[in-house]
Amino acid sequence: MDDFYSFLESKTERLVTALYMITNFFPEREPMKWRLRDEGLKLLSRTAALKDTKLAQRAEGMQATLAGIQETGALLDIARLADFISEMNY
């Protein structure tokens, strides 16, 4: 089970790195830039905390993580539609 959480944490780190790289191109005062980065950092914290969470509370933590991923995806979709990021980076 620890392998799963290590895998999840590793993939989340890659996602957050990509979010930071993509949002480097956003204007400094664009709220979407900071929202995406904030959501990425929240995801990183949630996934890191999952492996230390008791089994009974892991489902709640996973739901929060999935909700964060969905929100990040929706924000990226909006950024793509607003031409902040290219189709390829989306």
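A salt bridge here is a side-chain nitrogen of Lys or Arg within 4 Å of a carboxyl oxygen of Asp or Glu. I'm working from a predicted model, and by that rule I find eight salt bridges in the structure.

**Entry: E9 and K51.** I looked up this pair and got 3.0 Å, N to O, between the side chains. The bridge ties distant parts of the chain together: E9 sits in helix α1 and K51 in the loop between α2 (31–50) and α3, 42 residues apart. I checked burial too: E9 is buried at 16% relative accessible area, while K51 comes out partly exposed at 33%.

**Entry: bridges inside helices.** In α2, R35 and E39 are four residues apart, about one turn of the helix. Their closest N and O atoms are 3.8 Å apart. I have R35 down as partly exposed at 40% and E39 as buried at 4%.

R80 and D77 do this in α3, three residues apart, again about one turn. I read 2.6 Å for their closest N and O atoms, and D77 is partly exposed at 24%. I also followed shared partners: R35, D38, E39, K42 and E71 join into one network of salt bridges.

**Entry: α1 against α3.** How are these two helices packed, by angle and axis distance? I get about 25° with the axes 13 Å apart, for α1 (residues 2–23) and α3 (residues 55–81). Angles under 35 degrees count as roughly parallel, so I note α1 and α3 as roughly parallel to each other. The crossing is left-handed.

For the contact itself, I listed F4, Y5, L8 and L19 from α1 meeting R58, M62, T72 and L76 from α3. By class that makes six nonpolar, one polar and one charged residues.

Notes:
Residues are numbered from 1 along each chain as its sequence is written. This is a predicted model: local features need pLDDT of at least 70, side-chain atom pairs count only at pLDDT 80 or more; totals for chains, interfaces and linings use all residues. Side-chain values use heavy atoms; hydrogens and water are left out. Axes are lines fitted to C-alpha atoms, for helices over the stretch in contact, and angles run from 0 to 180 degrees between N-to-C directions. Angles under 35 degrees count as roughly parallel, over 145 as roughly antiparallel, 65 to 115 as roughly perpendicular and the rest as oblique. A crossing is left-handed if the near helix is turned anticlockwise from the far one by less than a right angle, and right-handed if clockwise. Contact means heavy atoms within 4.5 Å. Ala, Val, Leu, Ile, Met, Phe, Trp, Tyr, Cys and Pro count as nonpolar, Asp, Glu, Lys and Arg as charged, and the others, Gly among them, as polar. Buried means under 20% relative accessible area, exposed over 50%, partly exposed in between (1.4 Å probe, protein chains only).
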